[in-house]
Every structure is written in C-alpha cells, then in structure tokens.
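Student: Before we discuss any assignment, could you show me the entry we will be working through?

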Amino acid sequence: MKLTKERLYIILSFFSIYVIWGSTYLLNKILVSQLAPLYAASIRFITASILIFTIAKFLKIPLKITKRQLRNTAIAGFLFLTIGNGLVVWALKSVDSGFAALEISAQPLVVLILLRILEGKKIQPMSVLGVVIGCIGIYLLVSQREMIGQEGMVTGMIMIFICMLSWAYCSLFVSKADLPSNFFVNTGYQMLFGGALLLIGSLIVGEERLPFSSWNTEIINSMGMLIIFGSIVAFTAFNYLLSKVSPEKVATSTYVNPIVALILGWYFLDETFSAQSIIAAAVLLTGVYFINTKKTITLFKRFKKEI
C-alpha cells in the first residue's frame, strides 16, 4: 500500500495520541517528585497557551472571540484543566502513574452515566453491559488491600474520581457551548484560564514554588515534553484524526494509554502492578470497549421483535 502524505500524518497522529498521551502520566509523576503539583500544572498550561497564541499570530489566525465564548472557554478551562487535570497531577503525589491511568480509563463509563442522569439519554444494551463490566473492573482495581493501605492512596483515588466527574461533565458542556470555531484558538484560551486558575489555587494552598534555577535536567525535560508534545502536538493530532477517521478508531486511545502508562511506570519508575491489577485492567478495558462499540446484542434484538 502506497504511503501517501495523508496516510503518514494519520499514522503519526495515532502515535501521538497513543504514546504521548500515555506518557503524560509518567512525565507528571516525575514533575511532582520535586515540584508542587498545582504550580507545575499551571506552568505547563500557561506556557502552552502563550506558545499557541504565538503560533496562531504567526499563522495569522484571528484571536478575537466574543464575551460568551470567553466565558465558556474559562468554564471549560476550569473543568477540563484546573480540576480535570490539576487534581490528577496532585493525586500522582501518592498514586502510581499506571494506576492513575487505569482508573481514568473508566472515563467513558462516567460520561455515559451522566448522559443518562442529566439528559435522560437512553443507554443501549451493549453500553449497559459495558457499565456493569466496567464497574466490576473499577471495584477490582480499587479494592486491593495492599494499595488501600498505602499512605494517601484513598485520597488520591477520590481526587482522580472527582477529576473524571469534572472532565465528563465538561465534555457534555462543550458539546453544546458557544466556543471559538478554531480549535487551536479554543485550546489556547482554555489553557490560559485553566493555568491561571491553577496558579491561583497554588497560591491559596501555599505551595512552595521552586525557582527555575533549581530545576534539574529531568524536570526541565519532562516539563518541556508536556508543554510541546502533551499539550500542543497530541491535541492537534487528536483533532486532525477526528476529521480524517471514524470516532471509534480515535477512541482506541482509551485502551492504549493505560497500557503505555503501566509499561513506562514499570520501566522508568520501578512501579509494580499485581495480578489483580492486570485482571482489573482487562475487565475494565473490556467494559470500555462495550460502551464505545455501536454493535447491538443479537439476543436482545430478537427478544425485542417478539414482544
């Protein structure tokens, strides 16, 4: 098969959302080993927003937006980044990067439940099965005695769950909100507001702000990769894929990210995962697959026709 330019871009974009997004858990874990979590996250997003606006100016992309769009990007930045990302980074102080990625892989389950509660959307039979399997997977993951006994583990689990709720609710919000039509500009404003609110939060809780002169090479490299690749490249790749391939194929990142995070955490940080964690991962990701699939249960369809 001939490798066209478009096909090459698609392959590189899938690599970005698979490996880069999967590696952000490791990179954030490295950051919080020396930097205060909210402070680190604020630097990442504020810097990324400045770079995005600079690139947009260079490409002559208009940055002007309406007051309503400004308000909505502020709300999205708060829910997606201040809460949805900031608390995850905070949780990584006490939770392994691979474990955090596994728990967050249940995100489609939370979105589906919120759709049912807030919008009354009917859940398809395959999705119902996925929710049940996913709940079993989550229980297997968080009920491990050796993990619950670790200091700060339960708090970290709760933080990650709050992040999933915030991210899921914001996913519903942005699907209907009036936002800038250019996704690059939209992202820039969200990151600017999200980063600014994270910085305010860091000041309120009194986090120690380690001066840049005291950062070691590992911290500088991790921050640079999160800003350039995690915040700009991967998001651009994600939106590019949405315009070129089916959403189901893009959603496969949900299954790959936790695996990448587990492998990187094990290799670089000597994180361990038990047999129960492996089983929980398989069960949880199976549930997510059933939630994302558009197939229906043949038996249910036959039963429906009979009644």
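What follows is a short exchange on how some of the terms are applied here.

Tutor: This is a predicted model, in which local features need pLDDT of at least 70, side-chain atom pairs count only at pLDDT 80 or more, and totals for chains, interfaces and linings use all residues. Residues are numbered from 1 along each chain as its sequence is written, and side-chain values use heavy atoms, with hydrogens and water left out.

Student: Why are α1 and α5 called oblique to each other?

Tutor: The axes of α1 (residues 5-31) and α5 (residues 97-104) come within 9 Å and cross at roughly 135°. Angles under 35 degrees count as roughly parallel, over 145 as roughly antiparallel, 65 to 115 as roughly perpendicular and the rest as oblique, and α1 and α5 are therefore oblique.

Student: What makes Lys60 exposed rather than buried?

Tutor: Lys60, in the loop between α2 (37-58) and α3 (67-83), has a relative accessible area of 76%; buried means under 20%, exposed over 50% and partly exposed in between, with a 1.4 Å probe and protein chains only, so Lys60 is exposed. Asp270, in the loop between α13 (253-269) and α14 (275-292), likewise counts as exposed, at 64% relative accessibility.

Student: What is the phi of Lys60, and what is that of Asp270?

Tutor: Phi is near 60° in Lys60, a positive value in a residue other than glycine, and Asp270 also has a phi near 60°. Most residues other than glycine have a negative phi.

Note on methods:
Axes fitted to C-alpha atoms, helices over the stretch in contact; angles between N-to-C directions. Helix = DSSP H or I, 4+ residues; strand = E, 2+ residues; numbered from the N terminus.
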